[in-house]
Amino acid sequence: MARYNTEMFCRFVYNPELSYDDLLAFEASLKLGLTGILRDYGGEFIHFEETGDAMRLQCVFAGHDEDLFHALCDRIAPLTDGRVEAGILFVDKDLALLHIYSLHDSAWRECCVRMPDPGPLTRAMADRDLGACRTLP
């Protein structure tokens, strides 16, 4: 059975100056583009939820890899061209790390949060080096 170590949550907020028809057309092309990008990088169970002036996206990935997250942001950032901006959260399902990204004006910024160990049992069971969290300006 497949194991998915990372859950990705996104929120895309549309520019309020978009007309209703322009928003619908843009949202359709955005969903198509995002689906292709996520599949290119191994995203599965891709789910979109339209909320009017925003859109939510959720999917899973087999691994939890900061290089993967950066590659995804590099591909998604150009879509944030003034018509939309985005926030992305990657959750390590073992609850060790949270990677948070903001994307707008075709660029992205990053924040990483290491979850505190609940206690000695969690530290004893750690089976991997989580590495250092980095913050980019």
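Strand 5 and strand 6 run antiparallel and are joined by 8 bridges. They belong to an open sheet of 6 strands, ordered 2-3-1-4-5-6 with antiparallel pairing. This is a predicted model, so local features need pLDDT of at least 70 and side-chain atom pairs count only at pLDDT 80 or more, while totals for chains, interfaces and linings use all residues. Residues are numbered from 1 along each chain as its sequence is written, and side-chain values use heavy atoms, with hydrogens and water left out.

**The sheet**

- Two strands count as paired if DSSP finds at least two bridges between them; strands (E, at least two residues) and helices (H or I, at least four) are DSSP runs numbered from the N terminus.
- Strand 2 (44-50) and strand 6 sit at the edges, each pairing on one side only.
- On average, neighbouring strands of the sheet are turned by 15° against each other, direction ignored.
- L97 stands opposite R114 in strand 6.

**How the helices sit**

- Helix 1 packs on the sheet and touches strand 1, strand 2, strand 3 and strand 4; contact here means heavy atoms within 4.5 Å.
- The direction of helix 1 makes about 10° with that of strand 3, where axes are lines fitted to C-alpha atoms (for helices, over the stretch in contact) and angles run from 0 to 180 degrees between N-to-C directions.
- Helix 2 lies across strand 1, strand 3, strand 4, strand 5 and strand 6, at about 15° to strand 5.

- Helix 2 (residues 66-76) is largely enclosed by the rest of the structure, because 8 of its 11 residues are buried; buried means under 20% relative accessible area, exposed over 50%, and partly exposed in between (1.4 Å probe, protein chains only).
- The buried set is E66, L68, F69, H70, A71, L72, C73 and I76.
- What covers these buried residues includes helix 1 (20-40), along with strand 1 (6-14), strand 3 (54-61), strand 4 (84-92), strand 5 (97-104) and strand 6 (107-114).
- At the start of helix 2, a side-chain oxygen of D65 comes to within 3.0 Å of the backbone nitrogen of D67.

- Not counting residues up to four places away in sequence, I88 touches M8, F9, C10, C73, I76, H99, I100, Y101 and L103.

**Salt bridges**

- There are 6 salt bridges, each a side-chain nitrogen of Lys or Arg within 4 Å of a carboxyl oxygen of Asp or Glu.
- D94 and R3 meet in one of them, at 3.6 Å from N to O. D94 lies in the loop between strand 4 and strand 5 and R3 in the segment before strand 1, so the pair ties together parts 91 residues apart in sequence.
- D94 is partly exposed at 46% relative accessibility, while R3 is exposed at 55%.
- R75 bridges to D40, with the closest N and O atoms 3.4 Å apart. This links helix 2 (R75) to helix 1 (D40), 35 residues apart.
- R75 is partly exposed at 34%, and D40 is exposed at 54%.
- D81 and R83 also pair up, at 2.7 Å from N to O; D81 is partly exposed at 38%, as is R83 at 36%.

Technical notes: A polar contact is a pair of N or O atoms within 3.5 Å; within protein, one must be able to donate a hydrogen and the other to accept it, and residues adjacent in sequence count only if both atoms are side-chain atoms.
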